[in-house]
Amino acid sequence: GFVVFASCVGVFSMVWGYRRHGAVRALGLVLTGLGVLWLGILYAPLHHALIPHALTMTLGGTLVGLAHLANLRLVHVHNASCAH
């Protein structure tokens, strides 16, 4: 359930952010992170091995989190007209 939810929220927010800032960095990070998460749940030998599965899911979740941070920074770029 978590991976499906993370996929929906991640893709929606990255596409929304990409439409505002036009940079592909965050989109690339989220797609890589979601790919790792889906690999962790769909690849049976990896899914049944405790430590490799935990490491894969941690790496994928970290990449998705970093993508959200990158997207947030790209959306909130300060310029000369910024009031603060």
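How do helix 1 and helix 2 run relative to each other, roughly parallel or roughly antiparallel? I started my notes there.

**Ground rules.** I'm working on a predicted model, where local features need pLDDT of at least 70, side-chain atom pairs count only at pLDDT 80 or more, and totals for chains, interfaces and linings use all residues. Residues are numbered from 1 along each chain as its sequence is written, and side-chain values use heavy atoms, with hydrogens and water left out.

**Helix 1 against helix 2.** I took helices as DSSP runs (H or I, at least four residues), numbered from the N terminus. Helix 1 covers residues 2-21 and helix 2 covers residues 25-42; their axes come within 10 Å and cross at roughly 170°. For the record, axes are lines fitted to C-alpha atoms over the stretch in contact, and angles run from 0 to 180 degrees between N-to-C directions. Angles under 35 degrees count as roughly parallel, over 145 as roughly antiparallel, 65 to 115 as roughly perpendicular and the rest as oblique. So helix 1 and helix 2 are roughly antiparallel to each other. Their crossing is left-handed, meaning the near helix is turned anticlockwise from the far one by less than a right angle.

Next I listed who meets whom, with contact meaning heavy atoms within 4.5 Å. Helix 1 brings residues including Phe2, Val3, Ala6, Gly10 and Met14, and they meet a helix 2 set including Ala26, Val30, Leu34, Trp38 and Ile41. By class, this contact has 13 nonpolar, 2 polar and no charged residues. In that scheme Ala, Val, Leu, Ile, Met, Phe, Trp, Tyr, Cys and Pro are nonpolar, Asp, Glu, Lys and Arg are charged, and the others, Gly among them, are polar.

**Helix 1 against helix 4.** I then turned to the other partner. Helix 1 packs on helix 4 at about 25°, with the axes 10 Å apart. That pair is therefore roughly parallel. Helix 1 passes helix 4 in a left-handed crossing.

**The core.** Which residues make up the largest nonpolar core? I found 11: Val3, Ala6, Met14, Ala23, Ala26, Val30, Leu34, Leu37, Val64, Ala67 and Leu74. Helix 1, helix 2 and helix 4 (50-75) each supply at least two residues of it, and helix 2 gives the most, with 4 residues. Leaving aside neighbours within four places in sequence, Ala67 is in contact with Met14, Ala26, Leu29 and Val30.

**Single residues.** Is Ser13 buried or exposed? Ser13 lies in helix 1 and counts as buried because its relative accessibility is 16%; buried means under 20%, exposed over 50% and partly exposed in between, using a 1.4 Å probe and protein chains only. Beyond four places in sequence, Ser13 is in contact with His68 and Asn71.

Val15, also a helix 1 residue, is partly exposed at 38%. I noted 9.7 Å between the C-alpha atoms of Val15 and Asn71, which are 56 residues apart along the chain.

Ala23 lies in the loop between helix 1 and helix 2 and is buried at 17%. Not counting residues up to four places away, Ala23 touches Tyr18 and Leu74. The C-alpha atoms of Ala23 and Pro45 are separated by 36 Å.

Notes. Core = buried A, V, L, I, M, F, W, Y, C linked by side-chain atoms within 4.5 Å.
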